[in-house]
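Please keep the sequence and the structure in view while reading.

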Amino acid sequence: MITRITRLGRRGCDLVEALGRAGMFLGQSLVGRPSGEGVKLWLRQMHFIGVLSLAIILVSGLFIGMVLALQGYTILVDFGAEDALGQMVSLSLLRELAPVVAALLFAGRAGSALTAEIGLMKATEQLSSMEMIGVDPLKRVVAPRLWAGFVSLPLLTVGFSVIGIWGGHLVGVEWLGVYEGSYWGNMQASVDFVDDIGNGMLKSLVFALVVTWIAVFQGYDLVPTSEGISRATTRTVVYSSLAVLGLDFVLTALMFGEMG
Amino acid sequence: MDDSPLVVVEGLRFSRGDREIFRGVDMTIPRGKITAIMGPSGSGKTTLLKLIGGQLTPDAGRVMIDGEDIHAQSRKKLFTLRRRMGMLFQSGALFSDLSVFENVAFPLRVHTDLPEAMIRDVVLMKLEAVGLRGARELMPAELSGGMARRVALARALALDPELIFYDEPFVGQDPISMGVLVQLIRRVNDALGLTAVVVSHDIKETLSIADYVYVIADGKVMAHGTPESLNVDQDPRVSQFMHGEPDGPVPFHYPADDFHKDMLNAGVKR
Amino acid sequence: MKRSKMMEFGVGLFMLAGILGVIFLGLSVSGMAFNGGKETYTLQANFANIGGLKPRARVTMAGVTVGRVEDVELDTEWFDARVTLALDSRLEGQLSRDTTAAILTSGLLGEQYIGLSVGGDPETLADGDTISDTQSALVLEELIQQFVANMAQD
């Protein structure tokens, strides 16, 4: 019994310590002024993290928009309210699905790659050798990746929403025959730029911070063996997915909670 | 040249988890000489280098480099201090996304404002010294282990450091590249007047280039002296290590219960 | 060198697409051009019961959206609901003083909105005026209660 309690206590201490390390890590990486060299490194990471994730995000967005329209239509048509299809598709995408699904895909596609890449750099002593050359890997390796993640995910979320709404239009208007004017008209009447689009973007920015932070920290903090890298990659996906879904509930409650 | 030692290690203690790796290590590393740190695998030689380079912080004791306590520096000053050091890692640790040329140019680009033409000259000079000027366009993945280590040496020398660390430079090399490396380390040291610390367990090669040797085991300095004096040392542990005998005071077996008892116990438990 | 130029171009394109996406969302999806880009003016209207009317609900005229509900609050003088409407400023000085405002429901279970219909008074409503002729929301329970009461009397 006593050993169990001791073990629980040690777990707790480890957790607090890890959180502290992660916080210090984030602070040390982000503080400092950007340089010309930094912008170049950032651009490179934007390419790897953002541009290369575009395909999976856009294809998923298209399908989710199409499915939403299909499902929504079959429900709404029973109430004779299929004119509200545009409103339903756009609101569910902008407020919920685009930020959340894009963040989950981002964690799987870019987050795991970030963890594995940094982990491999650690395992092959590249990070140590950078330190010994007198270059801070937090600034050189970690910071550009963090910033690239922070910028990429909100942009990807926008792409997800736009193509999802277009996919909904494709199915709802072109295929199921909802009147085009009411698809867009109802959408425009019910979507507010600040409340819906702005809050959705805010969510995705928060998710971007959390997912990139988890991914990069897991890579930096892992045990430098092949098993350690595979475990850390898994942890990145699991932790960021849980964090995204949990935070989504909290943010939704804060943003849309008292509107009902 | 200044006669005071470049690196002084005093009462260094370090543990990882519950395992104590160093229990009070004292060392002085003289300027302009090659000092070897030897010991069996797992005795924490690489850890010692990381402690001296300031990458790890000891539990107690201190490391003075040219009179400055490396663990008492701010992060910024630490990085300035490190510009005067070079380190050759066991795996070479070349940046895998940069070509050989860019790898060697890296320290120059981040620490100097030299024009491109000058950087090119310096890089080619360093690559020529390790005999790999022709390989400058290759990526690290295309190099053999020995070549990667030579490129890493060129990179470590790019900023003309005062102090250079070699972490297991001879491990896993074929006899030819081993010979090349041994020669290279000696030559570089004589030509540039560097202070070098070589960590290794390859006795023959290390003794052939070292001016002074420390042998560590069980978290302590077991013996130190010139290669000649250690070779004739009477301490059984030292002589076992120096002559590569399989069993002796340094046991072949990892600490365990009595073999017979262990075998019988397994049957009882089941 | 050429590869890095391509990369920079790709990243530039990616960011441009993101910005265009935000503009598209703003214009086409939230219809910014209507309420955000154009000037509005406000009118007040008191209702005995607003049912499920919420801020940001549509205000229509002959079925065309001409504004939004900006605010709903309780008027503590009369204990009824005071609704503030933001209307397209093109209509300023065009609505007659006896314009009626009714809370309507789109479809059977749809959202509630306000429908305006113009009267014949030559005088018009100015910014900040109050619409006096209002028609409250239909509350299903009240309708059923009335119906049951009538049945009992018969």
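B:R13 is partly exposed at a relative accessibility of 37%, where buried stands for under 20% relative accessible area, exposed for over 50% and partly exposed for values in between (1.4 Å probe, protein chains only). Its partner is B:E20: the two side chains form a salt bridge with an N to O distance of 3.4 Å. B:E20 is likewise partly exposed, at 41%. A salt bridge here is a side-chain nitrogen of Lys or Arg within 4 Å of a carboxyl oxygen of Asp or Glu.

The model is predicted: local features require pLDDT of at least 70 and side-chain atom pairs count only at pLDDT 80 or more, whereas totals for chains, interfaces and linings use all residues. Residues are numbered from 1 along each chain as its sequence is written, chains are lettered from A and ligands numbered from 1 in the order in which they are written, and side-chain values use heavy atoms, with hydrogens and water left out.

A further salt bridge of chain B joins B:R31 to B:D66, with the closest N and O atoms 2.7 Å apart. This pair links distant parts of the chain, 35 residues apart: B:R31 lies in the loop between β2 (19-29) and β3 (34-38), and B:D66 in the loop between β4 (60-65) and β5 (68-69). Helices (H or I, at least four residues) and strands (E, at least two) are DSSP runs, numbered from the N terminus. B:R31 counts as buried, with a relative accessibility of 15%, whereas B:D66 is partly exposed at 32%. Both residues belong to a network of salt bridges that also includes B:R84 and B:E162. Over all chains, the whole structure holds 26 salt bridges.

Chain A may be considered next. It has nine helices and zero strands, and its C-alpha trace spans about 65 × 55 × 30 Å along the principal axes. Of its 260 residues, 50% are buried. Among the contacts in chain A with a separation of 6 or more, 85% are between residues 24 or more positions apart; contact means heavy atoms within 4.5 Å. Chain A exposes about 11,900 Å², and carbon and sulfur atoms supply 70% of that area. Accessible areas come from the Shrake-Rupley method with a 1.4 Å probe, and for residues only the protein chains shown count as cover.

One residue illustrates the interior of this chain. A:T157 lies in helix α6 (residues 137-175) of chain A. It counts as buried because its relative accessible area is 2%. Apart from neighbours within four places in sequence, A:T157 is in contact with A:A98, A:P99, A:A102 and A:S204.

How many residues of chain A and of chain B are in contact with each other? The contact involves 16 residues of chain A and 24 residues of chain B. About 1,800 Å² is buried between chain A and chain B, of which carbon and sulfur atoms give 56%; buried area is the accessible area (1.4 Å probe) that two parts lose on being put together, summed over both. In chain A, the residues that lose the most area to chain B are A:E125, A:M132 and A:I133, together 38% of what that side buries. The count between these chains is one salt bridge, between the side chains of B:R82 and A:E131 at 3.8 Å, N to O. B:R82 and A:E131 are both buried.

The interface of chain C and chain A takes 25 residues from chain C and 34 residues from chain A. Together these chains bury about 2,500 Å², with 74% of it on carbon and sulfur atoms. Helix α1 of chain C gives the most to the side of chain C that touches chain A, with 16 residues. The interface of chain C and chain A has zero salt bridges.

That helix, α1 (residues 2-29), also holds C:F9. C:F9 counts as exposed because its relative accessibility is 56%. Together with C:L13, C:L16, C:I19, C:L20, C:I23 and C:L27, C:F9 makes a nonpolar surface patch of about 710 Å². Patches are made of residues with over 30% relative accessible area and no salt bridge, like charges being joined within 9 Å and nonpolar side chains (Val, Leu, Ile, Met, Phe, Trp, Tyr) within 5 Å.
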